[in-house]
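Please read them with the sequence and the coordinates open beside you.

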Amino acid sequence: MIKPLPYVQKIQPYIPGKPIKEVERELGIKQCIKLASNENPLGPSPKVVQAITEFLSNPSELARYPEGSGFYLKNALCELFAKRGLNLTHDEIILGNGSNELIDIAVKTYIGPGDEAVMATPSFVVYAMSVTAQGGIAKEVPLRDYRHDLEGMLKEITDRTKIVFIANPNNPTGTMNYREEFDSFMKALREDILVVVDEAYYEYVTESDYPDTLRYFKEGRDILILRTFSKAYGLASLRIGYGIAKKEIITEMNRIREPFNTNTIAQIAAEAALKDEEHLKKVIEINEKGKQYLYSELDKIKQIQYLPTQTNFIYIILPESISSKEVFDSLLRQGVIIRPVGPRQIRVTIGLPEENKTFIESLKKFFGG
């Protein structure tokens with residue numbers, strides 16, 4: 001039997017959250033809720049559904065390859081950022097099969113065997129997976145106070161460092177790094193290192209001191225800013241995201257990007273989603289209300305701690321005597337799917353009001369409340 005490359009064998013496959021139908025089938029539960037994968041409980045804009053329906057009214061279009069450059073979606077993105085005072089060109093945007101694919105493309109473009117990438121831990125596991133798959137070295141720096149230790153990450157920079165990954169806000173903790181510390185980090189960092197800033201939860205951020213990463217793009221720094229339509233825009237199943245970087249970086253990444261990597265329906269849906277600002281506003285309002293409700297109820301469960309979040313999920317720390325698996329299994333049997341993210345840590349997505357209430361009732365039941 002053919003053997004994989006040695007460094008591929010070091011990778012632990014990504015395990016997604018359990019699907020609703022699988023849980024209902026396995027446990028015989030008629031109706032369960034999934035709060036494990038940071039999905040948008042409200043779903044996409046009605047304008048997205050309309051755009052997809054109109055496209056499908058001409059089924060022959062399904063036989064056509066997608067618009068390979070994503071011309072119309074890039075136009076919509078340029079229009080969006082122009083409203084915010086940033087003049088983007090198509091050459092400064094790359095589309096991906098989720099921002100996840102863009103992480104992989106960046107690594108394939110700049111990391112070879114023996115090259116290093118610096119990242120935090122715990123953070124999005126795909127960074128280390130992608131680097132290891134290329135024979136690179138993933139240097140993981142523990143969080144400090146549950147946030148990226150940017151000073152500690154600087155200390156790990158060597159002549160072999162090609163990429164630094166920063167998830168801001170961070171997954172799974174929901175915490176963020178602030179403008180001043182990010183600016184200090186960028187000032188101290190060698191300019192020939194690519195900074196990949198993963199802003200998957202950008203739309204949910206309410207903190208006014210959030211870093212202005214686009215400033216560094218405008219200054220011509222080697223920075224790749226990643227955003228996605230999977231979270232606040234509710235298009236997770238269609239897998240589409242985008243990256244912003246200077247033309248030279250996008251040109252090199254496009255050498256690696258597979259042809260037609262984003263499908264036509266995803267492009268159409270994303271374009272429609274960008275144009276419905278009212279729906280996005282509603283999504284954010286529901287998330288904020290759900291967050292405040294969960295804070296108030298979690299405060300009543302004295303055995304646990306939680307971290308204030310800048311995302312659509314909350315990171316919960318359990319007492320030493322209780323494992324995340326115990327809580328996961330208990331809630332699963334009650335029809336609530338959450339995500340264990342450490343030995344004593346769980347992550348729960350902020351859902352619709354009834355879903356949040358069900359989660360709290362299930363958690364209180366576990367703790368005897």
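**Notes on the predicted model**

1. Cysteines. With a relative accessibility of 6%, Cys-32 counts as buried, and Cys-78 is likewise buried, with a relative accessible area of 13%. The structure is a predicted model, and the count of disulfides in it comes to zero, given that a pair of cysteine sulfur atoms has to lie within 2.5 Å to qualify.

2. Asp-276 is placed in the loop between α10 (264-274) and α11 (277-298). This residue is buried but has no salt bridge, since the nearest side chain of opposite charge, that of Lys-47, is 4.5 Å away, whereas a salt bridge would require the nitrogen and the carboxyl oxygen to be within 4 Å. Residues up to four places away in sequence aside, Asp-276 touches Ser-45, Pro-46 and Lys-47.

3. Aromatic pairs. A search of the whole structure returns 14 aromatic pairs. In one of these, the ring centres of Tyr-127 and Phe-165 are 4.6 Å apart and the ring planes are at 10 degrees, so the pair counts as stacked. This pair links distant parts of the chain, as Tyr-127 belongs to helix α5 (residues 126-133) and Phe-165 to strand β5 (residues 161-167), 38 residues apart, and both of these residues are buried.

4. Tyr-202 is partly exposed at 25% relative accessibility, while Tyr-210 is buried with a relative accessible area of 8%. Arg-227 lies over the face of Tyr-202, at 3.6 Å from the ring centre.

5. An aromatic cluster. Phe-81, Phe-229, Tyr-233 and Tyr-242 are linked by ring pairs into a cluster, and the charged end of Arg-84 sits over the ring of Phe-81, 5.4 Å from its centre.

6. Cis peptide bonds. Most peptide bonds are trans, and most residues other than glycine have a negative phi. Against that background, the bond from Thr-121 to Pro-122 is cis, with omega near 0 degrees, and Pro-122 falls in the loop between β3 (116-121) and α5. The bond from Asn-168 to Pro-169 is also cis, again with omega near 0 degrees, and Pro-169 is in the loop between β5 and α7 (179-188).

7. Positive phi values. Asn-38, although not a glycine, has a positive phi of about 55 degrees; this residue is found in the loop between β1 (33-34) and α2 and counts as buried at 1% relative accessibility. Asp-145 also has a positive phi, near 55 degrees, and lies in the loop between β4 (137-142) and α6 (150-155), but Asp-145 is exposed at 64% relative accessibility.

8. Ser-323. This residue is in the loop between β10 (313-317) and α12 (324-333) and is partly exposed, with a relative accessible area of 25%. Neighbours within four places in sequence aside, Ser-323 is in contact with Leu-318 and Pro-343.

Key
Residues numbered from 1 in each chain as written. Predicted model: local features only at pLDDT ≥ 70, side-chain atom pairs only at ≥ 80, totals over all residues. Heavy atoms only, no water. Helix = DSSP H or I, 4+ residues; strand = E, 2+ residues; numbered from the N terminus. Buried < 20%, exposed > 50% of the residue type's maximum accessible area, 1.4 Å probe, protein only. Lys, Arg positive; Asp, Glu negative; His and termini not counted. Contact = heavy atoms within 4.5 Å. Phe/Tyr/Trp six-rings, centres within 6.5 Å; stacked < 30°, edge-to-face > 60°. Lys NZ or Arg CZ within 6 Å of the ring centre and 35° of its normal.
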